[in-house]
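Student: Could you take me through one part of this structure at close range? I would like to see how its pieces meet, from the parts of a single chain up to the neighbouring chains.

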Amino acid sequence: MDWTRHDLLDLQDLTREEIELILETAKSFKEVSTRDVKKVPALRGKTIVMLFFESSTRTRASFELAAKRLSADTINFSVGASSVSKGESVLDTAKNIEAMNVDMIVVRHKSAGVPQMLRDHLDSAVINAGDGCRAHPTQALLDLFTIQEKKGRVEGLDVAIVGDILHSRVARSNIFGLTKLGARVTLCGPSTLMPKDIEKLGVTVDYDLKNVIKKVDVLMMLRLQIERQREKFLPSMREYAREFGVNKEKLKGAKKDILIMHPGPTNRGVELSADVADGECSVILEQVTNGVAVRMAVLYLLAGTKHEPAE
Amino acid sequence: MDWTRHDLLDLQDLTREEIELILETAKSFKEVSTRDVKKVPALRGKTIVMLFFESSTRTRASFELAAKRLSADTINFSVGASSVSKGESVLDTAKNIEAMNVDMIVVRHKSAGVPQMLRDHLDSAVINAGDGCRAHPTQALLDLFTIQEKKGRVEGLDVAIVGDILHSRVARSNIFGLTKLGARVTLCGPSTLMPKDIEKLGVTVDYDLKNVIKKVDVLMMLRLQIERQREKFLPSMREYAREFGVNKEKLKGAKKDILIMHPGPTNRGVELSADVADGECSVILEQVTNGVAVRMAVLYLLAGTKHEPAE
Amino acid sequence: MDWTRHDLLDLQDLTREEIELILETAKSFKEVSTRDVKKVPALRGKTIVMLFFESSTRTRASFELAAKRLSADTINFSVGASSVSKGESVLDTAKNIEAMNVDMIVVRHKSAGVPQMLRDHLDSAVINAGDGCRAHPTQALLDLFTIQEKKGRVEGLDVAIVGDILHSRVARSNIFGLTKLGARVTLCGPSTLMPKDIEKLGVTVDYDLKNVIKKVDVLMMLRLQIERQREKFLPSMREYAREFGVNKEKLKGAKKDILIMHPGPTNRGVELSADVADGECSVILEQVTNGVAVRMAVLYLLAGTKHEPAE
């Protein structure tokens, strides 16, 4: 199949075939980053802007490296240093950036819907690098890539997503991606952090982590935001760790080859004990490695398509 | 004619022929940014430093993109992240940067005269990206470029500059540029924000915006700094908008093909109503596009000249 | 000899031959920065990350320029903008960066030992850009390079290091470098800022600056941190300047061709009077120029070696 989309906003929009095309493309780009000369000329002379209204270490760096390894030119914007502090609106800022003949805008914003809004008003390709609690499609893509690489497939696997489902864009994008590729998804976490009617998305909810651990092939842990406790979603971090954190002890009933994943940065001792985070089932650092490959694939595929005026 | 200058500090210094050479050069560079591969090797291996003591989204990005599209290497400095916070003087900082064999320094500073001071003490080419209320030559050049592109000429046009003339480096640089190229310039704004004896620069002052709007080919709106109200230059933003803001209603008496310009970021509802800012007469985003072309021209021309010891 | 080291942590670890190889290599790279096209393809397709937990103007820029002139791709991290503020540990951050197939990590941190800790846990080459009061090897290398260039040798010279020896990573790295290359080193500064038993490193302590000035070929001044006064190490800046600052008057007894060095940024009127800092004996800006050459040499040599598993 050919890639025809102009933007990447959410995995909800993509077909299974489109997701598989990205993963396939990422496979060949992963090899580029292991070469002595980690660079291909694919996007030479393209301009890619990182428009980050929320700070981020790894996502911004991962996109920036992906762009540079494709030989694109990159420009960084972050909130503090920009004239957004002069009261300029997000759209005005983006339109001004686009007017500099920018090919792609990678955007992160704490409000859900900002990437969609930009897509509706811009000709540049828009890539969602995380919007509020809504979507983080490249994170889900790198998770799918990692599972496929390690397990040989996604179809038919049992995958649990554990933690603060309610506020997690990572969970939401993964639910769409995993179910589209044919995995069975179980959600687990405090009931105060479980969205109502989430089963409508084709997933199962199970509040008993021990039970969940026993049956799954993949355990995808979510980062707990410390501020959730202040917001009264949680009694205490310690309590949370005891109920929904994973350590060696709890893994005793698990399959031998269970994959432990985390989008990072990990709160060691909360979501994962240190020995599990660094243990042989953990693929956390491989997720990071695969992130660059997946983002190279996304940038590469989007660069090949023109904006449809009817869109 | 050949370009012989080593620095760009203000349009006041340039001859009409020099300004026209920059605009002519920018025309060919504008095409580069519309190519599939937006890059020419002209400044390969040159080092250009962005030395910004004032934060800025678009000007810094515009220069950085211009430099990258010419294949130069760029380095960013901004105040917070630099050892200027350790009490190092502006000149010491610049001299240290220059010692790293830097070819050009693009400088923005809130104090008028900093670029001149650097020019007097450095061998690197110095480009003024805005100094206090004094000069912003590349903004004026991109404004001239936009007028010439849209109107076919600058000579003989009636151009109004509207707003806080007193504090505006954009106004000041445009006054020099426009009058040198043969336009008739009218200044309009609150009397508290009009410099005394400004007519000496060869411009007309008219406090009646409606009257001004009727006669001009180009309406160049200035950004109003919110802090001017606190400083008692203005009764209120609403009052200002009513007297010196432009909306559809006020434009009724204007020429059909009037150009509406703004250096950005626009305070919508203050200088311009949203429908005018986004209307068919507005060339605000084209100004941004042309900014990259003009800055490519400036970097390119300056790179071809050596520092004269007698300067 | 061949270069075999994988990391650069401190000059304490290097042999005289290794130091001399870096200086020799830097000599040829210095010429690159004087070319019209300041760029060689040596590290094309390598990824070099600047991981700065302490802010820095010149060191970060110097490394970044060195990397760019070798055609490497660079990524900047600094504390405020990174998820280190989310409580992620230094090692976690570095491991995540490394997982993106990064070749070299240039690290600065206010705690001594961080570069060693990273070296012990990472495969990427680690380059110390300053850790606490411990080491700043590239600063010492550029100092050695400057002395050798100006004096034709380091062996047999008398070099004084003057100031806050106790807190100075620059002093410490220079002590190792200078003594290994055969210079005689005298330390001078307030007794409250002189480490106990420092003579064990093969240096002499002399509290009388006038006496020191008379005998040395090189006077290496250290930057005084203003906060030392608050910490009660000093009675006052004025007192310090009178006793340990250098001005024209104090230089009267010095050798005609004495070299005045400073790692910058200089507190003018404290360590050095302005006329001495800008005078003919001062090589402060040449140190900055040589910094780029030395860092190019270090990056180049380290890029040629693989990580030894036994290390």
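Tutor: Happy to; what follows starts inside one chain and then moves out to the contacts between chains. Please keep in mind that this is a predicted model.

Let's begin with chain A, which is divided into domain 1 (11-134 + 289-303) and domain 2 (137-285). The C-alpha centres of these two domains of chain A are 26 Å apart. Where they meet, 21 residues of domain 1 of chain A are in contact with 20 residues of domain 2 of chain A. On the domain 1 side, at least two residues each come from α1 (16-32), β4 (125-131) and α11 (284-303) of chain A. The largest share of that side is the six residues of α11(A). By class, the domain 1 side that touches domain 2 of chain A holds nine nonpolar, seven polar and five charged residues.

Helix α5 (residues 137-151) of chain A and α11(A) have axes that come within 8 Å and cross at roughly 115°. The crossing of α5(A) past α11(A) is right-handed. From α5(A), the contact uses Thr138(A), Leu141(A), Leu142(A), Asp143(A), Phe145(A) and Thr146(A). From α11(A), the partners are Glu286(A), Gln287(A), Asn290(A), Gly291(A), Val294(A), Arg295(A) and Val298(A). Sorted by class, the residues of this contact of α5(A) with α11(A) are five nonpolar, five polar and three charged.

Now for the chains as copies. Chain C can be laid on chain B with an RMSD of 0.0 Å, using a turn of 120° and a shift of 0.0 Å along the axis. These two copies are therefore related as by a three-fold rotation axis. Chain C can also be laid on chain A by a turn of 120° and a shift of 0.0 Å along the axis, with an RMSD of 0.0 Å.

Facing chain B, 22 residues of chain C are in contact with 19 residues of chain B. The elements of chain C that give two or more residues to this side are α2 (58-69) and α11 (284-303). Of these, α2(C) supplies the largest share, six residues. The side of chain C that touches chain B has seven nonpolar, nine polar and six charged residues.

Facing chain A, 19 residues of chain C are in contact with 22 residues of chain A. Here β2 (73-78) and α3 (90-98) of chain C each supply at least two residues. The most comes from α3(C), with five residues. By class, the side of chain C that touches chain A has six nonpolar, seven polar and six charged residues.

To finish, let's look at α3 in chain B and how it packs within its own chain. Helix α3 (residues 90-98) of chain B and helix α4 (residues 114-121) of chain B pack at an angle of about 50°, with their axes 10 Å apart. That angle is why α3(B) and α4(B) are described as oblique to each other. The crossing of α3(B) past α4(B) is right-handed. Val90(B), Leu91(B), Ala94(B) and Lys95(B) of α3(B) meet Val114(B), Met117(B), Leu118(B) and His121(B) of α4(B). The residues of this contact of α3(B) with α4(B) are six nonpolar, one polar and one charged.

Conventions: Residues are numbered from 1 along each chain as its sequence is written. Chains are lettered from A and ligands numbered from 1 in the order in which they are written. This is a predicted model: local features need pLDDT of at least 70, side-chain atom pairs count only at pLDDT 80 or more; totals for chains, interfaces and linings use all residues. Axes are lines fitted to C-alpha atoms, for helices over the stretch in contact, and angles run from 0 to 180 degrees between N-to-C directions. Helices (H or I, at least four residues) and strands (E, at least two) are DSSP runs, numbered from the N terminus. Angles under 35 degrees count as roughly parallel, over 145 as roughly antiparallel, 65 to 115 as roughly perpendicular and the rest as oblique. A crossing is left-handed if the near helix is turned anticlockwise from the far one by less than a right angle, and right-handed if clockwise. Two residues are in contact if their C-beta atoms, placed from the backbone, lie within 7 Å. Ala, Val, Leu, Ile, Met, Phe, Trp, Tyr, Cys and Pro count as nonpolar, Asp, Glu, Lys and Arg as charged, and the others, Gly among them, as polar. Domain bounds come from an automatic or database domain assignment. Copies are superposed by least squares on the C-alpha atoms of residues with pLDDT of at least 70 in both.
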